Amino acid sequence: RKMVQRFRAYESYEASFRDYARLLQNSPRYAGVMRDLATDGATVREFATGLQRAGYATDPAYADKLGRVINTTLALQRALG
């Protein structure tokens, strides 16, 4: 089902990341995803899939896209590290 939603605007990348982290930590909707991440060290793929299943995004390819972004960022950090 297609939906149109308003996007939040932030003063900085830091503010947007902090809000994203706060949303995931405080919303009952994502409690299972966060619990799995904390207790068994969910993989990037499991985390992204969990968010998608919990209804975070409407894009059916969201988990794949998020997984690629996270893995690319981790690879860059290791290369620069």
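Buried residues are those under 20% relative accessible area, exposed residues those over 50%, and partly exposed residues those in between, computed with a 1.4 Å probe on protein chains only. The model shown is predicted, so local features need pLDDT of at least 70 and side-chain atom pairs count only at pLDDT 80 or more, while totals for chains, interfaces and linings use all residues. Residues are numbered from 1 along each chain as its sequence is written, and side-chain values use heavy atoms, with hydrogens and water left out.

**View 1. Lysine 65 and aspartate 59 form a salt bridge.** A salt bridge is a side-chain nitrogen of Lys or Arg within 4 Å of a carboxyl oxygen of Asp or Glu, and in this pair the closest N and O atoms are 2.6 Å apart. Lysine 65 is partly exposed, at 40% relative accessible area, and aspartate 59 is also partly exposed, at 27%.

**View 2. Aspartate 19 forms a salt bridge with arginine 8.** Here the closest N and O atoms lie 2.4 Å apart, and the pair links distant parts of the chain, with aspartate 19 in helix H1 (residues 13-26) and arginine 8 in the segment before H1, 11 residues apart. Helices are DSSP runs of H or I with at least four residues, numbered from the N terminus. Aspartate 19 is buried, with a relative accessible area of 15%, whereas arginine 8 is exposed, at 58%.

**View 3. Aspartate 19 also forms a salt bridge with arginine 22.** The closest N and O atoms of this pair are 3.4 Å apart, and both residues lie in helix H1, 3 residues apart, which is about one turn of the helix. Arginine 22 counts as partly exposed, with 43% relative accessibility.

Definitions and conventions. Helix = DSSP H or I, 4+ residues; strand = E, 2+ residues; numbered from the N terminus.
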